[in-house]
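I opened my notebook to look up a few helix contacts and charged pairs. My entries follow the structure below.

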Amino acid sequence: MRRIVSLWLPLFPVEQLMRARQKAGEPLPPEAPFALVTAGAKGMRLAAINRVAQRLGLMPGDRLADARARVPDLLSEIHDAKKDEAALLGLARWAERWSPSIMVDKPDGITLDATGIPHLFGGEAPFLDTIRGRLSELGLTVRLALAGNPAATRGLSRFATREGAPVIVPEGGERTALARLPVAALGLSADTVTTLKRLGLKRILDLYPLPRSALARRFRDSTLSGEVLQKLDAALGLTKTPLVPLDPPPRFAVRQSLDEPAITAEVVAFLLRRMTKQLSGQLAQQGCGSTRLTLKLYRVDGSRVAVQAGLASPSTDSEHMARLLEPKLEGTDLGFGIEAATLEASETAAVEPLQTSLAEAGGSPLRDGTALAALADRIANRDDGARLSAFLPVASHLPERAERPVSPFRKERSPAPAIPPDLPRPLLLLAPPEPIAVIAAVPDGPPMHFTWRRAPHRVMKADGPERIDSEWWRALQKAGPARDYYLVEDEIGRRYWLYRQGLYQEAETPPAWFIHGLFP
Amino acid sequence: MTGFAELQAFTNFTFLEGGSHPEELVGQAKHLGLAALAVTDRNSMAGLVRAHASAKANGVRFIPGVRLDLMQSETPPLIGFASLLAWPRDRAAYGRLTRLVSRGQRRAAKGKCILTLDDVAEFQDGSLFAIVPPPGMPKAPFLAVMTEICRRIDQPTYLAASMLRKAGERARLNALAEAARKHRTPLIATNDVLYHHPDRRMLQDVLTCIREKCTIAEAGFRLEVNSERHLKPVEEMLQLFRGQEHAVERTVEIAERLSFSLAELHYEYPDEPVPAHLTPQQHLTELTWAGARERYADGIPAKVRAMLEKELALIEKLDYARYFLTVHDIVRFARSREQPILCQGRGSAANSAVCYCLGVTAVDPTEIDLLFERFLSEERKEPPDIDVDFEHERREEVIQYLYDRYGRERAGLAATVITYRGRSAVREVGKAMGLSEDVTAALASILWGGPSQELTETRLKEKGLDPGDPLLSQVIALAEEIIGFPRHLSQHVGGFVLTKRRLDETVPIGNAAMEDRTVIEWDKDDIDELGILKVDVLGLGMLTCIRKCFALIAGWHGVHYTLATVPREDPEVYEMLCRADSIGVFQVESRAQMNMLPRLRPKTFYDLVIEVAIVRPGPIQGDMVHPYLRRRQGLEPEDYPAPDPAFGNRDELYAVLGKTKGVPLFQEQAMKLAMVAADFTPGELNELRKAMATFKRRGTIGRLEQKMIARMVERGYERGFAERCFNQIKGFGEYGFPESHAASFAHLVYVSAWIKCHYPAAFAAGLLNSQPMGFYAPAQIVRDAEEHGVAVNAPDVNRSDFDATLTGSGPQPVLQLGLRSVDGLKETDGRLVATRRGDRPYDSLTALRQRTGIAVHSIERLAAADAFRSLGIDRRQALWQAKALSRAKPLPLFAAQGIEGQGSEGPVTLPEMPLAEQVVNDYQTLKLSLKGHPMRFLREDCRAIGVTDMAALKGLRNNALVTVAGVVLVRQRPGSAEGVVFITLEDEFAIANIVVWPKTLETYRAAVMGARLMLVKGRVQRQDDIIHVIAQRIEDLTHWLARLAPDDLLVNPVARADEVKRGSPGGSRPALNRHPRQNRIIPKSRDFQ
């Protein structure tokens, strides 16, 4: 006999957000009314609200402006339905501990097939208590029902439960259990529910005595099948509704067993090359590249050792993968020998297939732009990326803010922002800029002579000024005056990037001069 | 000493790009001593008039121009080709440029413009051009574009260079000079101006973010690198263009060649309406006297004759005959339709004897004593202003007539400049500055109404925001700066500009957001500035209603009325109004007006004029209402403050305020007051009028305030009186109500009140058939009709037309509600049901389906609305049958035999629907019920908790404690009432007016703002037969509504209180997320700010 559990998380979006905020160290004040809002046709509307807001009489669907008129201190945040969906899916996977057959019941429910499982937990009631206990620990409110089919449990969890009291319907008891529930518990469309109510058919039991033909004829869904009848039959268990379990997460892993234990690194390296080839084939087939590799070696004594490597850009290149892991094998203790190994692409990302050159079959890594990434991987994997940075361009006019260092294994693959064309920028930027002594024409002429690190330089040529203003929104009160940059060349042809902050006539104190960079 | 003329500048009419008002640019140009200033907005001339007017006032040389951003071709994909500056040398060249821009705008969607070099070549004659190079070094593609431009444009062409302190600019300048030499397009210096002063950089950055829909932190290279794009003086330009000084000097030469001024745009009235053999004045005179003979069948009174002669003489002197003829022509068109369109003029010149005789208005000039000269002043060279209201459902016909008669090139709607206001400013600036939605919303709610600095700080703290936070103060400062910035152009509600010659040679015409509408780029102030004719063609719901009422009266009673023939000064009508029995009556049906009526006690037409004008922010803010009422009731003497005898006539104010007992109530009186009592010159008066109209936009009002008060005090008036007068002027600034408008409206007040008084059934039907309009929902209109003894029948497929009708054979008609009351029923389906019925009633749902062919869905709507009672079935049975109808189109073969496609079935007994539930269903499907009031079914419950019914309110003494409960009809929080909320509650007996003071509001805010069914405990306050309940405690009883249609569906028996708290289930969503309000039992109240 089938036994199905339905979990309804009535406050899921809000509680989900509260959990996230808690984790981020910015918890929501628990006593403040809070709402998640979405943009509707006529302005923002409440999508979900917390208990405080409920107690104040607010409702999902209210206009935010109306809600604010009634509860002026209502906090709100934009609702991210996609995020919720992902979180619900994550929760469902987490719930796989209780049943292998789990279905996400969007937007705020999970259904699981519990056939043959509750006895492991000491019976149906203790089983539901366990689930409820674990979810409460996560900060989630849950309503639970257990019955013989998904449709009935779904309706029961939403309409028959009260907080703290899961509903368990004994085998074959659905007809009685559902009888006094509102027709909405069948999961009908809103229009159908209204019509049924108008007809005086308010509870499910009101439908029982009606001729099936009369129902079938009157209530059809968009596919013209008898909506009410179908849903009723499903809930009463007259038709069988299958549970469609979750797709397994994509996994890229290969395994190799050895007849005879390998005791040298060379053999393991040979093994590794075989495995990277297979893995690379798997990855390429799915259009994925690996950004993290885990090699697990199973020793004959039953213990296990793992080595990992990170990649700067997703790769399917088996040679490259092998080269990253190989050096790490040298220091690995193989014990009394390795009898099996698995290689797993523990993190992956989509890769754009690159056009390889026709002339050089197989493509040249130097030409197709992956060579630099491969080099970076090799250097960085020596010390897990601690000494290597990549620079990402940043859209800022301020030279010192125009790039930022990131880990070579950065996850973000955002396209680089456009760089304004034709800007003379030095190869070496001094951080911070160093003060220099300058002789220049007043008020805003180019420098004629400057002294940097006690060495005098005579300016032979100067181009400028290029005026760069402060980012006023960053330092709201102390936004300094604009800088006037000059590209200058001294008597022996060295080129410098100097700037003057401020103008001679404007400030009481004379403007300061700095050197900010060197040109090749 | 050489000079410099800035020839390239964006105003903020290059939306979200230009960072300064045209006036600011002009002011700065004057300050810097520029030789001239040109405004060249991107593909637009919307800012020119403002700059022109300001330049005229400041003595700055102003050059109108435009920047043309050209595309490779006129069809997508649109690829930018080049940018040109164009300045016209004479009137004809200007006209070509406006046509050019018009063409580009008509071609593109609203707010966009698509122009190509071909277009420019076609309209190039008489203009000067300059090529604007792209940023960076000039490269081959640009040089090719230059060659192409030089080949196609044979007018003098220049190359515009800017030195903005960017990298590599010196080299670029040299390269441009070289390119200029090669192409013989001399180099000119411009600063490519975005704002008048470098301080605007921050605001301009914010505008960029709003435009790019990003935050300032994300904006990056979309922002300017520095703040150099401001107006600069000649010395700085010379220094920047060192080595190319001639480029600076050349701008002055060019400016000298550009002598065209917008002042040359002489306006000429169209002469369509004038027959060939007559002068306009002759034609107008003829029409006027002919009209007069018609109006006064018993002979034209001597007084009217004298008025007409005087007015015609003045019209001739000012040469306005064609204006009056144009208005007459529009009105004549409306009247000559097969089904005439009801219309009425209002506005400064409309209430003249001439307009009365021309039929433009139905207000008899002898009834009110308006002086024509007051509206057509000789000093002010402004065109007279007549607005004409038409039935709102048919205004489009008039508009299309105007387009047909004058052509799209000669007729256009005036624009309305939509500007940033308090809230929108804070929202957009906050978003651009990266504030969260929460904080922006909180800020926006605080800044509403613009309180003082201190108040802002306390309110910020109340909202939990830190006033010291630099980011917040930055946002507030920027938001204040952006207030008044134009955001986009919209169409004026109905201001039509008509010209003799092509309108698109005066101003660019673009597409409106609405289909079939074209809009000029200038708004009403711009048009006034240039003296261009505008006729406002407006839509008025009440005219639709009155026309429908007249038709119903003619149909049932056989009596024909028009606006002009309704019997005048009927005492019964005034008695009715004095009782505040005015639901549905034009303008005086609001609660504030209903409170005023019994106090003002109108007895004559002119009292109605005052009634219309007095309940307005102007008189209320100026504290003029109570003095007027006291004087009217004889509680206070009429008193006319007088100046010191040394300064003038002691009676000078009597002449201005005599009609209104010494209290200024009308806009004109406030103006006249400034003129007489504060000695304002016509120029100052004009300034005041403009400052009033644009009160929020520019800060000139403060200076004028000081000036006016100081002058009045100096002339011997009391300071307090002077301040009150000025406050009123400020109030008028927002909602000005001149006497002439009030007079026209008062006429409609009278006519609608007269219909209500004598033909209540027709009046209710007319109102219902013109919905949505007015203040009240159909439920109140029907209830009011019933209270006036009208029998009402519910909608029924065998009795109703689509519209409400008058039926019955008794002495008084019965109001038969129409199928239009059925919620969600399509108009075409409703009409089909009525027409296909003819004299043969439908005997079954199947028959109705076969004869009309309407969708089953529509039949279900009719069934749910209980419209099959005439078949002997109630809504439940009808719905059961309707649901069984086959969804497929009826088959002709079966239809002929009268058979439904499917076999019959056994009878099914459905539970009977209790009356309370019927009422609930009526409200859901018809928004009203004739079966009973929801409160009737809750009366027992109410009694149990000591609720008094509202009929008993009348018997209570002043200050008595009372508890009332009812359905919330209207919630109002007028801006002039400082946070007081007015609520109208209704029960099955009467309505009650609730007043909620701010303190009570704060305690019960959620209930006040959210309840649909409300319980109020408070004290009775009586004044002149008006009863209010001053709320002390308020409770939200909305959940009681669930008792009307008890579903009682909870499986587990729970405590009653718990059930109530959680609401009873029944919707499609489970209990936890539901609240009774979602069970839409009664329509939502109407809430007004």
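Is A:Arg474 buried, partly exposed or exposed? I found A:Arg474 partly exposed, with a relative accessible area of 42%. Buried means under 20% relative accessible area, exposed over 50%, and partly exposed in between (1.4 Å probe, protein chains only).

**Entry 1: ground rules.** I am reading a predicted model, where local features need pLDDT of at least 70, side-chain atom pairs count only at pLDDT 80 or more, and totals for chains, interfaces and linings use all residues. Residues are numbered from 1 along each chain as its sequence is written, chains are lettered from A and ligands numbered from 1 in written order, and side-chain values use heavy atoms, without hydrogens and water.

**Entry 2: the partner of A:Arg474.** I looked up its salt bridge (a side-chain nitrogen of Lys or Arg within 4 Å of a carboxyl oxygen of Asp or Glu). A:Arg474 pairs with A:Glu471 at 2.7 Å, N to O. A:Glu471 is buried, at 10% relative accessible area. Side chains of opposite charge can pair when their charged atoms come close.

**Entry 3: a second pair in chain A.** I counted on the total next: 87 salt bridges over all chains. One I picked joins A:Asp105 and A:Arg154, with the closest N and O atoms 2.9 Å apart. A:Asp105 sits in strand S5 (residues 102-105) of chain A and A:Arg154 in helix H6 (residues 150-159) of chain A, so the pair ties together parts 49 residues apart in sequence. Helices (H or I, at least four residues) and strands (E, at least two) are DSSP runs, numbered from the N terminus. A:Asp105 is buried at 10% relative accessibility. A:Arg154 is partly exposed at 29%.

**Entry 4: a pair in chain B.** B:Glu236 and B:Arg165 form a salt bridge at 3.3 Å, N to O. I placed B:Glu236 in helix H9 (residues 234-240) of chain B, and B:Arg165 in the loop between strand S7 (157-161) and helix H6 (169-183) of chain B, 71 residues apart. B:Glu236 is partly exposed at 21%, while B:Arg165 is buried at 7%. Both belong to a salt-bridge network that also includes A:Arg467, A:Asp484 and A:Arg500.

**Entry 5: two helices.** In chain A, the axes of H1 (residues 12-23) and H4 (residues 81-94) come within 11 Å and cross at roughly 85°. That makes H1(A) roughly perpendicular to H4(A), a label for angles of 65 to 115 degrees. I noted A:Phe12, A:Pro13 and A:Gln16 of H1(A) meeting A:Asp84, A:Ala87, A:Leu88 and A:Leu91 of H4(A), where contact means heavy atoms within 4.5 Å.

Technical notes. Axes fitted to C-alpha atoms, helices over the stretch in contact; angles between N-to-C directions. Parallel < 35°, antiparallel > 145°, perpendicular 65-115°, else oblique.
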